[in-house]
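Welcome! Let's take a friendly walk through a protein model, one feature at a time. Have a look at the picture before reading on.

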Amino acid sequence: MSNFFELINKRHSCRNFNGESVPYEEILRCVEAVRSAPSADNSQPWKFIIVTKKEYLAKVAKCFQDGGKNSFTDNAGAFVIITEDGRCPISKLSDSLSAQKFRAVNIGISVSYFVLAAAELDISTCIIGSLNERKLRTLLSIPKDRRIRLAVAMGYESLDAVESVKERKALEEIIDKEIYR
């Protein structure tokens, strides 16, 4: 296993996939990592749809490309669509008792676990939030009680990819207050 901080720095949003397929077993390992992700009241309100069939990859990619966006998804080797299980009674109760929407937070945490597991396996990823939910729902026959929250494009980075530098805010910019120091 990598040093965790090295793993965090290794993971980046890949936008230059080489088109190679991602083995289903490796995707399952990433989903297995999600089982350890924390969630409010242990509700685990997520469902993962794994797309690896060649005839579906191009169709799914088009669901992310409205307005000319995300053309890089044409070369992804797999997609994982993350939906919110609208029937999860524990999540419904938690959300009704608080202004915080725990299901959305929980799903964000689970996707972080997923992409970090992929990075550990040397699989590149890009989290996608901009998608045509109606087209994707119809294409993959996703029930109406499950909201599509995010998608992850997966694959292997092209060897001719230009390495980009992660630009992040300085630590001083993200620490709001130091009350107890």
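## Cysteines

A disulfide is a pair of cysteine sulfur atoms within 2.5 Å. The structure holds zero disulfides. Cys14 is in none, and the nearest cysteine sulfur, that of Cys126, is 7.6 Å away. Cys14 is buried, with a relative accessible area of 0%, and Cys30 is buried at 0% too. Here buried means under 20% relative accessible area, exposed means over 50%, and partly exposed lies in between (1.4 Å probe, protein chains only).

## How to read the model

This is a predicted model, in which local features need pLDDT of at least 70 and side-chain atom pairs count only at pLDDT 80 or more, while totals for chains, interfaces and linings use all residues. Residues are numbered from 1 along each chain as its sequence is written, and side-chain values use heavy atoms, with hydrogens and water left out.

## Helix H5 and its surroundings

Helices (H or I, at least four residues) and strands (E, at least two) are DSSP runs, numbered from the N terminus. Helix H5 covers residues 102-120, 19 residues in total, and reaches 27 Å from its first C-alpha to its last. That is close to the 27 Å expected at 1.5 Å a residue, where the expected span is 1.5 Å times one less than the number of residues.

Several residues of H5 are buried, including Ile107, Val111 and Phe114. How far apart in space are Leu28 and Phe114? Their C-alpha atoms are 9.9 Å apart, although 86 residues separate them in sequence. Leu28 belongs to helix H2 (residues 24-34) and is partly exposed at 38%. Just after H5, Asp122 takes a positive phi of about 60°.

## Salt bridges

Side chains of opposite charge can pair when their charged atoms come close. A salt bridge is a side-chain nitrogen of Lys or Arg within 4 Å of a carboxyl oxygen of Asp or Glu. The whole structure has eight salt bridges. One of them joins Lys10 and Asp122 at 2.4 Å, N to O. Lys10 lies in helix H1 and Asp122 in the loop between H5 and strand S3 (124-128), so this pair ties together parts that are 112 residues apart in sequence.

Glu26 pairs with Arg29, their closest N and O atoms being 3.8 Å apart. Both lie in helix H2, three residues apart, about one turn of the helix. Lys62 and Asp74 meet at 3.2 Å, N to O. Finally, Glu84, Arg103 and Arg149 are linked in a network of salt bridges.
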